[in-house]
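Subject: Structure handover

Hello,

Here is the structure for you to pick up. My notes on the pockets and the domains follow below it.

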Amino acid sequence: MAKKQEFVKEITKMEDDFPQWYTDVIMKTDMVDYSPVKGFMVIKPYGYAIWENIQSFLDRRFKETGHQNCYFPLLIPESLLNKEKEHVEGFAPEVAWVTHGGSEKLAERLCVRPTSETIICSMYSKWLTSYRELPYLYNQWCSVVRWEKSTRPFLRTSEFLWQEGHTLHETAEEAQAETLQMLSIYKEMAEDLLAIPMVDGRKSDRERFAGAESTYTIEALMHDGKALQSGTSHNLAQHFTKAFDITFQGRSGELEYPHHTSWGVSTRLIGGIIMVHGDNRGLVLPPRVAPIQVVIIPIAQNKEGVLDKAYEIKKELEAKGIRVKLDDDTNYSPGWKFNQYEMKGVPLRLEIGPRDIEQNIAMIARRDDLSKESYSLDNLGESISALLDTVHNDMLRRATEYRDEKTFTFKDYEEFKVKMKESPGFAKGMWCGEEECEAKVKDETGVTIRCIPFNQENLGDTCHFCQKPAKHMIYAAKAY
Ligand SMILES: [Zn+2]
């Protein structure tokens with residue numbers, strides 16, 4: 001027990017200092033490290049394996065819905081970036097420029113992609129000729145660079161890993177359907193893989209993507225009551241296709257501009273996992289995204305038969321497709337290992353020792369609720385598969401309950417300000433739809449309208465900020 005107490009002290013309590021808690025967790029669990037370039041992170045194997053599991057879920061769903069992967073260059077000529085006016089204004093302040101090739105100054109500056117609409121559109125305009133080739137359903141896995149002033153690993157870094165889908169469609173209806181389909185795949189991924197409940201909806205005009213007709217978003221609530229924009233899908237209409245002169249011969253024989261979408265999620269999702277599920281002992285990983293789902297720790301492993309049994313169990317679980325680690329390192333005590341894997345958020349810990357073997361059982365400890373129970377060694381693979389699902393469902397339920405507790409409805413601006421200060425979370429209210437009103441709230445409180453949710457409730461006839469006639473019900477929050 002002494003060790004456990006000592007260990008817990010290593011991580012700052014989240015109630016005392018949430019940002020420091022976050023930093024302690026990511027550093028002590030060996031997910032990430034700071035790099036020699038300020039604002040750029042190194043993702044270490046334990047963090048990267050989480051990203052790989054997110055990738056593999058999404059890549060499968062993208063392909064099931066007809067998308068193909070491809071790759072476009074890292075560098076974008078300045079003239080291309082400048083073609084869509086709103087887009088360049090949105091991204092110019094955070095673009096990194098390449099000005100030299102070797103020692104020679106380039107005739108035209110090249111930007112490191114902050115997102116790839118412009119370079120991809122320049123190629124689409126070269127390729128597309130007829131409606132018969134549509135839709136274009138392409139995605140790329142890559143990294144992008146946005147020069148950020150203040151950064152936090154996973155949440156906001158100057159370079160981050162993501163995927164960006166870029167599609168072209170014959171009609172506006174198809175583009176809109178694609179935009180919403182991809183948002184719903186993101187929501188499904190968040191709930192089925194990460195056990196994070198999402199509010200889905202549309203961004204206000206002020207918050208939408210630079211160059212988009214409309215932006216849709218999934219928003220999650222973190223443990224500290226701040227929101228995390230977790231994925232976006234944009235209906236770009238014909239803004240870029242006109243700017244880049246992408247045309248095709250339509251069914252009538254006339255030249256037409258296609259309708260365009262783009263959508264992305266990034267490594268910031270990992271920050272979301274940490275801040276939704278983590279506790280004062282460290283990470284709590286949802287089973288389906290955890291690099292290690294079950295860690296087997298042999299007890300008194302020098303006793304005859306213990307290691308053999310442990311390896312036998314490992315094999316049985318792996319045959320069920322479970323990601324297992326058996327830690328038989330003799331340099332560390334079982335107690336030390338318990339603490340390590342608890343901090344690293346491994347969903348299940350299986351202890352097996354001579355007495356367990358005698359009774360044909362294993363002890364299994366759950367990371368999410370810290371409960372411990374013995375399981376028969378008969379059909380252990382099946383019991384553990386089922387338990388991993390239970391853990392997932394319980395984590396999603398608890399995260400949903402927590403979010404709902406932190407969601408409040410406000411009647412007017414004064415009440416909103418008080419509540420946001422005392423117990424921050426999602427604020428639900430009516431909004432007039434005017435940018436001025438939204439800007440005032442942001443300037444005065446730092447709170448932004450996160451989205452106009454698909455699930456609209458009628459909470460009154462007037463804007464809860466300014467008392468003008470109300471247009472939409474909104475969720476507002478402070479955000480990462
Ligand atoms: Zn208003």
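I start with the second largest pocket. Three elements each give at least two residues to its lining: strand S10 (214–221), helix H9 (268–277) and helix H13 (380–405). H13 supplies the largest share of that lining, with six residues. In total, 20 residues line the second largest pocket. Those closest to its centre are His223, Val276, His277, Arg398 and Ala399. Its volume is about 360 Å³. By class, its lining has twelve nonpolar, three polar and five charged residues.

Before the rest, a word on confidence. This is a predicted model. Mean pLDDT for the chain is 96. Some 98% of the residues reach 70 or more. The stretch to treat separately is residues 1–8, where pLDDT stays under 50. For residues 1–8 the model has ten contacts beyond four places in sequence.

Now the largest pocket. It has a volume of about 1,100 Å³. Its lining counts 40 residues. Arg146, Arg156, Glu207, Gln229 and Arg268 lie nearest the centre. Several elements give two or more residues to this lining: helix H5 (85–91), strand S8 (159–169), strand S11 (227–237), strand S14 (259–266) and strand S22 (448–453). By class, the lining of the largest pocket has eleven nonpolar, 16 polar and 13 charged residues.

Which domains each give at least three residues to the lining of the largest pocket? They are domain 1 (13–277) and domain 3 (407–477).

On the overall layout, the chain is divided into domain 1 (13–277), domain 2 (294–387) and domain 3 (407–477). The centres of domain 2 and domain 3, taken over C-alpha atoms, are 49 Å apart.

One annotation to carry along. An unreviewed UniProt entry lists residues 45–286 as "domain: Aminoacyl-transfer RNA synthetases class-II family profile". Over residues 45–286 the chain is 32% helix and 31% strand. The end C-alpha atoms of that range are 17 Å apart.

Best regards

Notes:
Residues numbered from 1 in each chain as written. Predicted model: local features only at pLDDT ≥ 70, side-chain atom pairs only at ≥ 80, totals over all residues. Heavy atoms only, no water. pLDDT = per-residue confidence, 0-100. Contact = heavy atoms within 4.5 Å. 1 Å grid on protein atoms, 1.4 Å probe; cavity = no way out; pocket = protein on both sides within 12 Å on 5 of 7 lines; lining within 4 Å. Points joined across faces, edges and corners; volume = space filled by probe spheres on them. Helix = DSSP H or I, 4+ residues; strand = E, 2+ residues; numbered from the N terminus. Nonpolar A, V, L, I, M, F, W, Y, C, P; charged D, E, K, R; others polar. Domains from an automatic or database assignment. UniProt positions renumbered as here; feature names shortened; annotations may be inferred.
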